[in-house]
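Q: I'd like a close look at one part of this model, the helix packing towards the end of the chain. Could you walk me through it?

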Amino acid sequence: MKIIDKQVPIDVLFISEGTYPYVLGGVSSWIHSIIEAMKDLRFGIIFLGSKQEDYPGIQYKLPENIVYLEDYFIFSEKEYPPLCYIKGSDKVKKLKSLLINSKHFPEELSNINFYLSEVTFSEILYSRKTFEMIEDLYVELNLSIPFVDFFWTLRNIFIPLWIVVRAITSVIDRNISLIHSPSTGYAGFLGALLKKVRGIPFIITEHGIYTRERKIDLLNAQWINTGSNYFFKDLKIEEPKNLWINFFVNLGKICYQEADRVFCLFEDAKAAQISLGCPPEKIEVVPNGVEIQRYSHLRDRKQGIPPVVALIGRVTPIKDIKTFIKAIKLLVEKLPEAEGWIVGPEEEDPDYAKECKLMVEVLGIEKKVKFLGTQKLTDILPKIGLCTLTSISEGMPLVVLESFAAGLPCVTTDVGSCRQLVYGGLNKEDIQLGKAGEVVSVGDSKSLSEAYYKLLTDKQQYLMARRAGIERVEKFYSFERFINNYRSIYNYFIK
């Protein structure tokens, strides 16, 4: 649905998958901050969501320089064409290459005409040829899952590609100077197709590594029918999930192939992108930055260190909230006055949020673990002693930098750029600043609780970590440096 269209040229078209402006925090905040900081540029947004009912609506006050906003929901049956019988085309067989480990893909798969005229949306849904392709592939892959599960898995894998193509047709004739996707996936694929058909420069900034994060989601997914019922209890239950993973890996390769430049936030991410098929010469590291003055006035801790550890983030499995709850349970056994606050939206995965709350009840720590929902960060940071992330995957979490700016040490898991942020890693000067907290292994609630206890009870160590965090964010992660980097990138591509 088109929400904003000021009928003017678009300088930068963001393609936002599951983030801005419908979801708060993380990548959404990153996009919003760029748009607000570059008021002289006109931005467009194409939002790709799952289903409309999955989102509470637009979560940001949209800046005036957003001149175009349209949303698409890639798992919504409302987008489907009417039911009909179609013979179809043998060209549908080219889609097989997206499901196997392949270095080369048919040229057609990155050409919009394949989806508009050679294999239409109606054909992929209703044609005999599509059914035969799925039958053939089922035999070729020699899978042990029931055919009916395989059939519906493939349908669900392929359908979003045709909805993405619809999104392109909305802007195909628009005056656009640069396409910027904050991920590979469906958003990057849309950017790749648009680049291919219009020749518009196309860049990607990966915050986490999309393919890796989808792999984590899929391996934990309950919604994929794995055929693991009583009659099929001996089957290989991961086979449908592997099809999805191969699909996202291959979609990523197409995105990397078509992108003019690919940006990441830290060196380890660059290595991951190369391993997933991105040409090294296209990659550049551009770290995030935060508005330090927005948080620096919150550094006053004259009342001492509040015995409160806050996890600020979405209540979702990838944030591993359950490990945080276990860590707080261990912490309060040694430090009874301690509390754990979970600050973030719960709407994205309500079932997981319920499980977390039930876990708190079962552990008997209802008075020690508080679910506060979405809060204004500047209201929360002055009330806590430590910020923590227990995630199993991250990019460069802004909340760590924001906490440093507010004078708070952080305890994180060893994911994304967290080790670089907490211990320093950009250069020798950065390392010499010292530790701004602690980094522990993923899922290690015992080490988390020990780190919380040590920092909350050892004032000297707390103050050293606090100083290191403040100096690190001020020297290396300022918002001005971050925006100047992207200003230079945009200026290079926008003629």
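How are H17 and H18 set to each other, roughly parallel or roughly perpendicular?

A: Happy to take you through it. This is a predicted model, in which local features need pLDDT of at least 70, side-chain atom pairs count only at pLDDT 80 or more, and totals for chains, interfaces and linings use all residues. Residues are numbered from 1 along each chain as its sequence is written, and side-chain values use heavy atoms, with hydrogens and water left out.

H17 and H18 are roughly perpendicular to each other. Angles of 65 to 115 degrees get that label, while those under 35 count as roughly parallel, over 145 as roughly antiparallel, and the rest as oblique. Here the axes of H17 (residues 445–457) and H18 (residues 459–476) cross at roughly 100° and come within 5 Å. An axis is a line fitted to C-alpha atoms, for helices over the stretch in contact, and the angle runs from 0 to 180 degrees between N-to-C directions. Helices (H or I, at least four residues) and strands (E, at least two) are DSSP runs, numbered from the N terminus.

On the H17 side, Lys-454, Leu-455 and Thr-457 meet Lys-459, Gln-461, Tyr-462 and Ala-465 of H18; contact here means heavy atoms within 4.5 Å. By class, this contact splits into three nonpolar, two polar and two charged residues. Ala, Val, Leu, Ile, Met, Phe, Trp, Tyr, Cys and Pro count as nonpolar, Asp, Glu, Lys and Arg as charged, and the others, Gly among them, as polar.

H17 also packs against H11 (residues 321–334). The axes of H11 and H17 come within 8 Å and cross at roughly 50°, which makes H11 oblique to H17. The crossing is right-handed; that term applies if the near helix is turned clockwise from the far one by less than a right angle, and left-handed if anticlockwise. From H11, the contact includes Phe-324, Ala-327, Ile-328 and Leu-331, and from H17 it includes Leu-448, Tyr-452, Tyr-453 and Leu-456. Nine nonpolar, three polar and four charged residues make up the contact of H11 with H17.

H11 has another partner in H12 (residues 350–363), with axes that come within 10 Å and cross at roughly 15°. H11 and H12 are therefore roughly parallel to each other, and their crossing is right-handed. Ile-321, Lys-322, Ile-325, Lys-326 and Lys-329 of H11 touch Tyr-352, Glu-355, Cys-356, Met-359, Val-360 and Leu-363 of H12. Seven of these residues are nonpolar, none are polar and four are charged. Lys-326 of H11 takes part in the contact with H12 and also in the contact with H17.

To put this part in its setting, the chain is assigned domain 1 (2–285) and domain 2 (292–477), with bounds that come from an automatic or database domain assignment. Their centres, taken over C-alpha atoms, are 32 Å apart. Domain 1 gives 13 residues to the contact and domain 2 gives 12. Between them they bury about 960 Å², 72% of it on carbon and sulfur atoms; buried area is the accessible area (1.4 Å probe) that two parts lose on being put together, summed over both.
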